Amino acid sequence: MTTSEYKRHKGLTKENLRDNMTNVELALNTLAEVATTEIARQRQTQGMRESRQAAQAGGQIAKNTSYDLLISKV
């Protein structure tokens, strides 16, 4: 989801999204940011296209982790 889609999903208008996240959501968001930074550093990204690819890979890591958490709860 994009930020605006997620804000709509949570029913937020002008409130800060991070202030309305659960601990798990915050942890997954931090994981995505750290993973993206490390991927970009290792790949020595330059430019918007390479940075976007690193961000997508970092987001995918967080997404996979969230699925793993859901599966382990079942």
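Predicted model: local features only at pLDDT ≥ 70, side-chain atom pairs only at ≥ 80, totals over all residues.
**Exercise 1.** Locate Gln44, describe its phi angle, and decide whether the residue is buried or exposed.

*Solution.* 
- Step 1: Gln44 sits in the loop between helix H2 (23-43) and H3.
- Step 2: Its phi is near 50 degrees, which is a positive value in a residue other than glycine.
- Step 3: Gln44 has a relative accessible area of 63%. The cut-off for exposed is over 50%, so Gln44 is exposed.

**Exercise 2.** Describe the largest pocket by volume, lining and residue class.

*Solution.* 
- Step 1: The volume of the largest pocket is about 830 Å³.
- Step 2: It is lined by 21 residues, with Met1, Tyr6, Leu28, Asn29 and Ala62 closest to its centre.
- Step 3: Helix H1 (3-10), H2 and H3 are the elements that give two or more residues to this lining.
- Step 4: The lining divides into 9 nonpolar, 7 polar and 5 charged residues.

**Exercise 3.** Which element gives the largest share of the lining of the second largest pocket?

*Solution.* 
- Step 1: The second largest pocket holds about 150 Å³ of space.
- Step 2: Its lining is Val24, Leu28, Ser66, Leu69, Leu70 and Lys73.
- Step 3: H3 gives the largest share, 4 residues.
- Step 4: By class, the lining has 4 nonpolar, 1 polar and 1 charged residues.

Conventions: Residues numbered from 1 in each chain as written. Heavy atoms only, no water. Buried < 20%, exposed > 50% of the residue type's maximum accessible area, 1.4 Å probe, protein only. 1 Å grid on protein atoms, 1.4 Å probe; cavity = no way out; pocket = protein on both sides within 12 Å on 5 of 7 lines; lining within 4 Å. Points joined across faces, edges and corners; volume = space filled by probe spheres on them. Nonpolar A, V, L, I, M, F, W, Y, C, P; charged D, E, K, R; others polar.
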